[in-house]
Amino acid sequence: MEIGSHSQSGKESHLSPSKSQSMKKPGGWRAIKYILGNESFEKLASMSLIANITVYLRTKYNLSGILLVNVVTLWAGTSNVSSIVGAIVSDAYLGRFLTLLCGTICSLLGMAAMTLTASISELRPPPCQEPALCMQPHKWQLALLFASLGLIAIGAGGIRPCNIAFGADQFDTNTKKGRAQLESFFNWWYLSFTIALIFALTGVVYIQTNVSWVIGYAVPTACLALSITIFLFGRHTYIYKPAHGSVFADMAKVVIASYRKRKMRLDNGCSYYNPNNEIDTEEVCKSKVKWLNKAAIIVHDQNELDSNGAPINSWRLCSMKQVENLKCLVGILPVWIAGIGCFLVMDQQSTFGVLQAIQMNRSIGKHFQIPPGWMGISSMIALSIWILLYEKLYIPTAKKILKRDSRMEMEHRIAIGIVMSILCMIVAGTTETRRRTLALRNGSFESPLHVYILLPQFALSGLTEAFAAVALMEFFTRQLPESMRSVAGSVFFLSLSVASYLSSLIVNVMHSLTAGRGKTAWLGGHDLNHNRLENYYFLIAGLGGVNLLYFLFFARKYVSFSKDVKEGEEEDEEVELENVK
């Protein structure tokens, strides 16, 4: 039984100023040029810091071992999890424009503070006299460093969930022209991101490593200032959609309401709150996690509805639509957990992979040293090559042979990504064994093994991202309803965050377990030659094997991938029929 048919038109009328503003003619490309300019310079700045932060903390703050890995992984995790907070603030309070602006300003302040740490020597410990004789930073120096990184993490929380969404707001997707413009916008956005990434991983990283850290950090600081200027310069051309409430708050209401009604029984006689019959109640009731249905049960003797048919207390009575949204999120959790295992592998290359590069032969000729931060370029190249081969060669060829669309199903791509992650760690462990053996044989801090030998493990990390990460983002977007598309991005970043925190936890546990009884810990210390990093890599590979079994025998069966794919194929066929007509 369904009850509730009230209209919210009265509520919308109170939003007439913002409503009329959001309904004006879309900003279109006149607004997008400012948004892309802001995005390009912001990404150039942020990636310039992320790509080389491990080298900076190692060479300028004398951090090493467990502390270095913890700082980098925890900061990366916090930057990703803050996107959840940013999405809530944007949807419920500030709107996307103000959230983006505040996030960029926070990033600018953090980047300016990082530039100060590079330019004022008193803010850092003195340089190491020898690899084994390094003075550690004072607590106040670390406090300033962490405050700088914290501001950047807060800024990332405002930028990441809003940048693409605010650009999409500028197009009227109710028209065919608007949808085509939106698709073109995504292409231009990705192009601007790629160009910024190339500049960050080559030019800026080279300046930081081989010229000056002060200039290397002043450049991204100036880029952030320029991005804010460009963003504000176009403020009269934007579409400003008002904050409309957070989906995350609705989910919390469903959980609380379900708990409050936990003693109630679910039966055919229950009346459910379903305003305007916006959803099929029977389908929701039959789906999994049925105890959440209690949040929408109307208890008549408690007067839960007002005279207009709206809930008196939204924390006690929720709509079936709110219940369904939460069920969709719960439904992707098993696959989301499998994704964390893939991201755990990708995390290792930005920390231990770079540390390996520092202690290897990086010479090209007599006068050039490859910056350790450049190793990340190989991951990007591997990812780009696969996407080009897949889109331009595999799909057209398979379509000609099989006479139908032959895109790889998401479950297969995720499984291949997990396999790639396992191979990445096995290759990394084997390479580290060889690097360490040659360094000890030579009695030197740097191994004579050339840094090129690290390319396979970085390339496999890129392929892990190409297969698993891209498929996971697509999976989250397709499984969640259109009203929760911003949640899909936040869930994706949350998995990256959990992977970073898990990596830090494993490192600390391994250090504690292997450092006892006078033995040298597998991880920790300034010199990798005295560690057993390869054992850590093999452990992560073993966890990857467990993750593969978990995905194949549990996660992939929990959610129906094939149903989604078929629906997509049917939509494609409908589009083709419309084109024929």
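Tutor: The largest cavity has a volume of about 50 Å³. A cavity is a set of points on a 1 Å grid over the protein atoms alone where a 1.4 Å probe fits but cannot get out. Points are joined across faces, edges and corners, and the volume is the space filled by probe spheres set on them. This is a predicted model, where local features need pLDDT of at least 70, side-chain atom pairs count only at pLDDT 80 or more, and totals for chains, interfaces and linings use all residues. Residues are numbered from 1 along each chain as its sequence is written, and side-chain values use heavy atoms, with hydrogens and water left out.

Student: How many cavities of 30 Å³ or more are there in the whole structure?

Tutor: A search finds two.

Student: What lines the largest cavity?

Tutor: Its lining, meaning residues with an atom within 4 Å of a point, includes R58, F352, L355, L528 and N531.

Student: Is N531 buried or exposed?

Tutor: N531 has a relative accessible area of 3%, so it is buried. Buried means under 20%, exposed over 50%, and partly exposed in between, with a 1.4 Å probe and protein chains only.

Student: Where is N531, and what is it in contact with?

Tutor: N531 is in the loop between α17 (485-514) and α18 (533-558). Helices are DSSP runs of H or I with at least four residues, numbered from the N terminus. Leaving aside neighbours within four places in sequence, N531 is in contact (heavy atoms within 4.5 Å) with R436, A521, W522, L523 and G524.

Student: New topic. How many aromatic pairs does the structure hold?

Tutor: It holds 25. Rings of Phe, Tyr and Trp (its six-membered ring) pair if their centres lie within 6.5 Å; planes under 30 degrees apart are stacked, over 60 edge-to-face, and the rest tilted.

Student: Which kind of pair are F97 and F166?

Tutor: Tilted, because their planes are at 45 degrees, with the ring centres 6.1 Å apart. F97 is in helix α5 and F166 in helix α7 (residues 163-168), 69 residues apart, so the pair links distant parts of the chain.

Student: Buried or exposed, those two?

Tutor: F97 counts as buried at 13% relative accessibility, and F166 counts as buried at 1%.

Student: Which residues are in a cluster with them?

Tutor: Ring pairs link F97 and F166 with F231, Y238 and Y240.

Key
Helices (H or I, at least four residues) and strands (E, at least two) are DSSP runs, numbered from the N terminus. On a 1 Å grid over the protein atoms alone, a cavity is a set of points where a 1.4 Å probe fits but cannot get out, and a pocket is an open set with protein on both sides within 12 Å along at least five of seven lines; lining residues have an atom within 4 Å of a point.
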